[in-house]
Amino acid sequence: MTTQKVVKINQRYTDILGYTLDEVTGSKDKLNLYHPEDLSKISTHIEVVTQSPLNSAHSIEYRYRHKSGDWKWCRTYTSVIKRDVNNNPLILLTTFIDIS
């Protein structure tokens, strides 16, 4: 994946984290929202997901910065649901669960 674009976000996601839809979709530096100690495992997770077969779900737990500055523990399940003709991922689907 060379470009990351948020296509749709559920309102519940923004309710959990305190951001508006515009703040989440318009943020240019999304890496600042992840806890620094979790960045390596998140990177590995994305690599595993993008190399996996279609619709193969993978989960990970990490900390995400709430708008208040507090850290929220979350679990996500992510899978590639569409690939291009060269088998590059086009669309990822992620389910986000607050486990704090």
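A: In the largest nonpolar core, which has 14 residues, the members that touch the most others are Tyr13, Leu17, Tyr19, Tyr62, Tyr64 and Phe96. Two or more residues of this core come from each of helix 1 (11-17) and strand 1, where helices (H or I, at least four residues) and strands (E, at least two) are DSSP runs numbered from the N terminus. A nonpolar core here is a set of buried Ala, Val, Leu, Ile, Met, Phe, Trp, Tyr and Cys residues joined through side-chain atoms within 4.5 Å; buried means under 20% relative accessible area, exposed over 50% and partly exposed in between, with a 1.4 Å probe and protein chains only.

The model is predicted, and local features need pLDDT of at least 70 while side-chain atom pairs count only at pLDDT 80 or more, although totals for chains, interfaces and linings use all residues. Residues are numbered from 1 along each chain as its sequence is written, and side-chain values use heavy atoms, leaving out hydrogens and water.

The structure holds five salt bridges, each a side-chain nitrogen of Lys or Arg within 4 Å of a carboxyl oxygen of Asp or Glu. One of them joins Arg63 to Glu37, with the closest N and O atoms 3.4 Å apart; because Arg63 lies in strand 1 and Glu37 in the loop between helix 2 and helix 3, this pair ties together parts that are 26 residues apart in sequence. Glu37 is exposed, at 62% relative accessibility, whereas Asp38 is buried, at 3%. Arg63 and Asp38 also meet in a salt bridge of 2.9 Å, N to O, and shared partners join Glu37, Asp38 and Arg63 into one network.

Another salt bridge links Glu23 and Lys67, whose closest N and O atoms are 2.8 Å apart. Since Glu23 lies in helix 2 (residues 21-26) and Lys67 in the loop between strand 1 and strand 2, the pair ties together parts 44 residues apart in sequence. Glu23 is partly exposed at 32% relative accessibility, and Lys67 is partly exposed at 46%.

The loop between helix 3 (39-51) and strand 1 (58-65) contains Ser52, which counts as buried at 9% relative accessibility. Residues up to four places away aside, Ser52 touches His58 and Arg83, and the side chains of Ser52 and His58 are joined by a polar contact of 2.8 Å (a pair of N or O atoms within 3.5 Å; within protein, one must be able to donate a hydrogen and the other to accept it, and residues adjacent in sequence count only if both atoms are side-chain atoms). Asn55 lies in that loop between helix 3 and strand 1 as well, but is exposed at 56% relative accessibility; its phi is near 65°, a positive value in a residue other than glycine. Most residues other than glycine have a negative phi.

Asn87 likewise has a positive phi, of about 70°, and sits in the loop between strand 2 (71-83) and strand 3 (89-98). These two strands form a hairpin with five residues between them; they run antiparallel and are joined by nine bridges, where pairing requires at least two DSSP bridges. Lys82, for example, has Ile91 in strand 3 as its bridge partner.

Definitions and conventions: Contact means heavy atoms within 4.5 Å.
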